[in-house]
Amino acid sequence: MSDRKKIGKQDIGKLLSEWNQQFSVSVPSRDNGQSMWAKWDGSDVSFLDWYRNTVVPAKSNFLPSMEEMFSFEKGNEGYKIEIPAPDDQKQLIFGIRPCDARALTIIDAVFKDGYEDPYYFSKRNNSILVGLGCTNPCDSCFCTSLGINPGESSDVDLMLTDIGDQFLIEGISQAGKELIAATNGLEDAVEADDNKAKETKETSYAKVTKQVNVEDVQQRLLSCFEDEEHWTRVAAKCISCGICTLLCPTCHCFDINDELNKNQGARYRSLDSCSFCVYTKMPMENPREAKWRRVRQKVAHKYEFYPMNFDVIACTGCGRCIRMCPVNWDITQTLEGLPART
Ligand code: SF4
Ligand code: SF4
C-alpha cells in the first residue's frame, strides 16, 4: 500500500474526527488573540486559514508551563506520596511546523541525557506528530539558515503539504505509515501531486529571506566570551522579561516548587528562564547577576554549549524570540555582530 495519499481541504474536519476516535487531537487554537495548542473541539478547522505558527510552541504539549509532579501528605508514619497517573490516551498533534518538530528532536536529547525524564517522555512517546508545511513564513523566520526546510520534516510521523485544493499526506515514520494505512477516506497520490508538493516546498523555502551565518559560530562566540564591553552593548535594550526563552521551542529550563497547605501539598515544576535576575536564586545565588552575562548565556547556550554537548545548535530559526520581544532584540543581529574568529 502507498504511503503517499491525499485529501481534499474540505475533508480535514472528517479526517480529524476519525483520528479523534483513537487519539486526543490537539490543533492550533486562539485564546484572547494568542495562538497556542488546544484539544480539538470536534468541529473547528478555521486554523487552516489563519495559522502561520503558534505563539506558544508545540513543546507545551510535552513540557507544559506548569505541571504537578506529585502530591504529598504528612501522616504519623511519615510522608505519603502520590504520583499522578500518566494520561494513557495517545495524543495526536495536528499541524506542527517543521521548525517546532525539529525543536522537539533537539530537546529530546537533554531529557534523556543520563536519566530519562518520565514526565516528558510519558507524553512524548505516546504521541503522533502530524506536520503541516509552511507556505507563509514570517519575516522573522530564519529556519533555512539552520538547515530546516519549512516545507518538509523528518522529525514528524506524517507530513501534509498544500497542493492546491488538497493536501498531500506522506508517511514519514513507521507509525505514520501505519496510521495512513488505517485511515479511511484518503486517495492515492499520483505523480502530478508529488510534483505540486515539490513546487510548494521549493516556494516555501525561497520565501524565508532572513538569513544568518552560523558558520564558525561556536568559535566566534568563544573568542568574544569574556568581552564584557561587547556583551553589555548587545544586552543594552533587553529588559530581562524572559519572553524569548519561555516561548522558545528549544528552551527547557524549569524550576521546582512545593505548594503547602498544613500537612499536605504538591510539588510542581514550571518553566524558568535564564533571562530572569532571580534565576536559580532559590537553591543558590544567580551566578549571572549582571544582565550582559544572562544575555550572553542565552545565546551561548544555544549556539556554543548545546552543540558541545549534543552536537546540534539549539535554535531552529523559528523567529519567535524576535517577533515576541517587547524591545525588538534580535538574535540574528547578535549572531551577525559577533567578532570574526581569532
Ligand atoms: S524577550 Fe527581549 S527584552 Fe525580553 S528577555 Fe528576551 S531579549 Fe530581553
Ligand atoms: S532562539 Fe529564537 S529563533 Fe531560535 S528556536 Fe528559540 S525562539 Fe526560535
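Good morning. I begin with a definition: helices are DSSP runs of H or I with at least four residues, numbered from the N terminus. By that numbering, one helix, α10, gives the most to the lining of the second largest pocket, with four residues. Please keep in mind throughout that the structure before you is a predicted model.

Let us stay with the second largest pocket for a moment. Its volume is about 310 Å³. Lining it are 17 residues, and those closest to its centre are H252, C253, F254, Y279 and H301. Two elements give two or more residues each to this lining, namely β11, which spans 254–261, and α10. Sorted by class, the lining of the second largest pocket holds six nonpolar, six polar and five charged residues.

I turn now to the largest pocket. Here the volume is about 470 Å³. Its lining is made of 21 residues, and nearest to the centre lie E67, P86, D87, S122 and K123. Which elements supply at least two residues each to this lining? They are the strands β2 (24–31), β3 (34–39) and β4 (66–75), together with the helix α4 (118–124). Of these, α4 gives the most, with four residues. As for class, the lining of the largest pocket has eight nonpolar, eight polar and five charged residues.

Next come the cavities. How many cavities of 30 Å³ or more are there? The count comes to four. The largest cavity has a volume of about 120 Å³. It is lined by 15 residues, with C248, K302, C315, C321 and I331 closest to its centre. Ten residues of that lining are nonpolar, three are polar and two are charged.

What takes up the space of the largest cavity? Ligand 2 does. The residues that surround ligand 2 are F142, C248, P249, K302, C315, T316, G317, C318, G319, R320 and C321. This shell divides into six nonpolar, three polar and two charged residues.

Is L146 buried or exposed? It counts as buried, because its relative accessibility is 17%, and buried means under 20%. Apart from its neighbours within four places in sequence, L146 is in contact with V214, Y303, I313, C315, T316 and G317. The C-alpha atoms of L146 and G337 are separated by 17 Å, and the two residues are 191 residues apart along the chain.

Leaving aside neighbours within four places in sequence, its contacts are P28, S29, R30 and S35. Between the C-alpha atoms of W50 and E152, which lie 102 residues apart along the chain, the separation is 20 Å.

Finally, I come to the backbone of S240 and D311. The phi angle of S240 is near 55°, a positive value in a residue other than glycine. For D311, phi is near 65°, again a positive value in a residue other than glycine. Where in the chain are they placed? S240 lies in the loop between α8 (228–235) and α9 (243–246), while D311 is found in the loop between α10 (291–310) and α11 (320–323). S240 counts as buried because its relative accessibility is 15%, whereas D311, at 72%, counts as exposed.

Thank you for your attention.

Note on methods: Residues are numbered from 1 along each chain as its sequence is written. Chains are lettered from A and ligands numbered from 1 in the order in which they are written. This is a predicted model: local features need pLDDT of at least 70, side-chain atom pairs count only at pLDDT 80 or more; totals for chains, interfaces and linings use all residues. Side-chain values use heavy atoms; hydrogens and water are left out. On a 1 Å grid over the protein atoms alone, a cavity is a set of points where a 1.4 Å probe fits but cannot get out, and a pocket is an open set with protein on both sides within 12 Å along at least five of seven lines; lining residues have an atom within 4 Å of a point. Grid points are joined across faces, edges and corners, and a volume is the space filled by probe spheres set on the points. Ala, Val, Leu, Ile, Met, Phe, Trp, Tyr, Cys and Pro count as nonpolar, Asp, Glu, Lys and Arg as charged, and the others, Gly among them, as polar. A residue is near a molecule or strand if one of its heavy atoms lies within 4 Å of it. A molecule sits in a cavity or pocket if more than half of its atoms lie within 2 Å of its grid points. Contact means heavy atoms within 4.5 Å. Buried means under 20% relative accessible area, exposed over 50%, partly exposed in between (1.4 Å probe, protein chains only).
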